[in-house]
Amino acid sequence: MIFPFQTQTTSSMYIWREKKDQLYFVYMEEAILAGKIKEKARVVAMDFRGHGKSSSENDLDLSIETMCNDVLAVIKTMYGDSPPAIVLVGHSMGGSVAVHVAAKKALPSLAGLVVVDVVEGTAMASLIHMQKILSNRMQHFPSIEKAIEWSVKGGSLRNVESARVSIPSTLTYDDSKKCYTYRAKLKQTEQYWRSWYEGLSEKFLSCPVPKLLLLAGTDRLDRTLTIGQMQGKFQMVVVRHTGHAIQEDNPDEFSNLILNFVSRNRIGPHGVEIPGLRKPQQ
């Protein structure tokens, strides 16, 4: 069964309740992986303000503080003062939000952090090109199928099956133009972009929980994370033959990596106790 939750200032979210396990994933983007992971844990997938079908008092307020507060408000609304073990998983901008939420140390039950293909150095360097990138992408689509086709042919996604699930919710129909356009008005939120990624690497390393960084290529690592990885401060996996949207391009491998992370760090009921292996330092 699917249960929607809404509050005045936060996004709607969906919880798969097939299992009674007390381990939850709060996934900071699409619900693509829910079908893969829900056999082992409950999955909560929230769409950020301005990005999905949820509405808020100000959908253009994408400041990192506001988005973090949205996440914490959703968790508070759902579980009160007794949340279960939580693993935060975030991709791209969602990865930044996951890191900032974890760094606040406001979730006493936080048990793990997974960041997907976002690194401070690369992200900061790309910001100067972002307006041009947004301007150059196709803005209007005669149908949802055309938008799905463009997302795959244009290279942003490589998996048609995933695109059919994720793309429709990113679009809205414009009656005046008789076409579909992007729901998120990212070009109007430029004032917040820098704050999403500035200082992200240090914040990631400072989070006092087991951490996993998934990348599409080793060239994405910046100096801070390279040093941290050499010191064993987090686990890193390069997922080959994928683009930026790792979780959509190869959902099977992504799901396995997440569940292996849970098992390796003995998080929740599906953690695995290995004789002679100490619990990783947090």
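Predicted model: local features only at pLDDT ≥ 70, side-chain atom pairs only at ≥ 80, totals over all residues.
Residues are numbered from 1 along each chain as its sequence is written, and side-chain values use heavy atoms, with hydrogens and water left out.

**Cores**

- Leu113 is also one of the residues that touch the most other members of the largest nonpolar core, together with Leu88, Trp196, Tyr197 and Phe204; that core has 45 residues.
- The largest share of this core comes from α2, with 9 residues.
- A second, separate core has 19 residues, including Val89, Val114, Val237 and Leu257.
- As for the term, a nonpolar core is a set of buried Ala, Val, Leu, Ile, Met, Phe, Trp, Tyr and Cys residues joined through side-chain atoms within 4.5 Å.

**Overall make-up**

- The protein has 11 helices and 10 strands, taken as DSSP runs (helices H or I, at least four residues; strands E, at least two) and numbered from the N terminus.
- Of the 282 residues in the protein, 50% are buried; buried means under 20% relative accessible area, exposed over 50%, and partly exposed in between (1.4 Å probe, protein chains only).
- Among contacts with a separation of 6 or more, 65% come from residues 24 or more positions apart.
- On disulfides (pairs of cysteine sulfur atoms within 2.5 Å), the count is 0.
- Cys179 is buried, at 8% relative accessible area, and Cys207 is buried too, at 1% relative accessibility.

**Helix α3**

- Helix α3 runs over residues 93-103 and is mostly covered, with 10 of its 11 residues buried.
- Those buried residues are Met93, Gly94, Gly95, Ser96, Val97, Ala98, Val99, His100, Val101 and Ala102.
- They pack against α2 (64-79), β5 (85-91), β6 (110-116), α7 and α8.
- Take Ser96, which sits in α3: it counts as buried because its relative accessible area is 0%.
- Not counting residues up to four places away in sequence, Ser96 touches Ile64, Val118, Trp196, Tyr197 and Leu200.

**Helix α4**

- Helix α4 covers residues 120-136, and its 17 residues should span 24 Å at 1.5 Å a residue; the end C-alpha atoms are 24 Å apart, so the two agree. The expected span is 1.5 Å times one less than the number of residues.
- There is a bend in α4 of about 60 degrees at Ile128, taken as the angle between axes fitted to the seven residues ending there and the seven starting there.
- Glu120, Ala123, Met124, Leu127 and Leu134 are buried in α4.
- The packing partners for the buried residues of α4 are α7 (190-197) and α8 (200-206).

**The annotated site**

- UniProt, in an unreviewed entry, puts the feature "active site" at Ser92, Asp117 and His244. They span 153 residues in sequence, yet no two of their C-alpha atoms are more than 8.1 Å apart, so they gather at one spot.
- A caveat on that record: positions are given in the numbering used here, feature names are shortened, and annotations may be inferred rather than shown by experiment.
- Ser92 is in the loop between β5 and α3. Its contacts, leaving aside neighbours within four places in sequence, are Val116, Asp117, Val118, Tyr197 and His244.
- Asp117 is in the loop between β6 and α4 and counts as buried, at 6% relative accessibility.
- Beyond residues up to four places away in sequence, Asp117 touches Ser92, Leu214, Leu215, Ala216, Arg220, His244 and Ile246.

**Positive phi**

- Most residues other than glycine have a negative phi.
- Lys105, which follows α3, has a positive phi near 55 degrees.
- His241 has a positive phi near 60 degrees; His241 lies in the loop between β10 (235-238) and α10 (246-249) and is exposed, at 76% relative accessibility.
- Arg266 has a positive phi near 55 degrees; Arg266 is in the segment after α11 (251-264) and counts as buried, at 15% relative accessibility.

Methods. Contact = heavy atoms within 4.5 Å.
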